[in-house]
Amino acid sequence: MTKGYYAIPAIHCNHCAMTIKVELEDVEGVTAVDVDVENKSATITYQAPATAVELIDVLKKIGYPAEI
């Protein structure tokens, strides 16, 4: 298991958090998503076949570009 911390400056509210959580939980290999609205970040726990690059791509596609 890998746990990654991602800064997501575009998070503004709980709706943003739910959108991110739902989309990332659909990625094969993602086991947990914890979105922190106040800190504009997410902690994502995942294993293969998911990769950090794939998670960043998903976030970008849904309008929430992230930084590791």
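Predicted model: local features only at pLDDT ≥ 70, side-chain atom pairs only at ≥ 80, totals over all residues.
I started at Tyr5, which stands opposite Thr43 in E3.

E1 and E3 pair in the antiparallel sense, over 6 bridges. I then traced the whole sheet: it is open, has 3 strands in the order E1-E3-E2, and the pairing is antiparallel. Strand E1 (2-7) and E2 are the edges; each has a single partner strand, so one side of each has no neighbour in the sheet. I got an average twist of 15° from one strand to the next.

**The helix**

Next I checked what helix H1 (residues 14-25) does. H1 packs on the sheet and touches E2 and E3. Its direction makes about 170° with that of E2.

**Thr45**

I moved on to Thr45, which sits in strand E3. Is Thr45 buried or exposed? I have it down as buried, because its relative accessibility is 15% and the cut-off for buried is under 20%. Leaving out residues up to four places away in sequence, I found Thr45 touching Met1, Thr2, Lys3, Gly29, Val30, Thr31 and Ala32.

**Lys40**

Last stop was Lys40, in the loop between strand E2 (30-36) and strand E3 (41-46). Lys40 comes out partly exposed, at a relative accessible area of 30%. Which residues does Lys40 contact, leaving aside neighbours within four places in sequence? I listed Tyr6, Ala7, Ile8, Pro9, Ile11 and His12. Tyr6 is 34 residues from Lys40 along the chain, and their C-alpha atoms are separated by 8.7 Å. For Ile11, I noted its backbone oxygen 2.7 Å from a polar atom of the Lys40 side chain.

Conventions:
Residues numbered from 1 in each chain as written. Heavy atoms only, no water. Helix = DSSP H or I, 4+ residues; strand = E, 2+ residues; numbered from the N terminus. Buried < 20%, exposed > 50% of the residue type's maximum accessible area, 1.4 Å probe, protein only. Contact = heavy atoms within 4.5 Å. Polar contact = N/O pair within 3.5 Å; in protein donor to acceptor, adjacent residues only side chain to side chain. Pairing = 2+ DSSP bridges. Axes fitted to C-alpha atoms, helices over the stretch in contact; angles between N-to-C directions.
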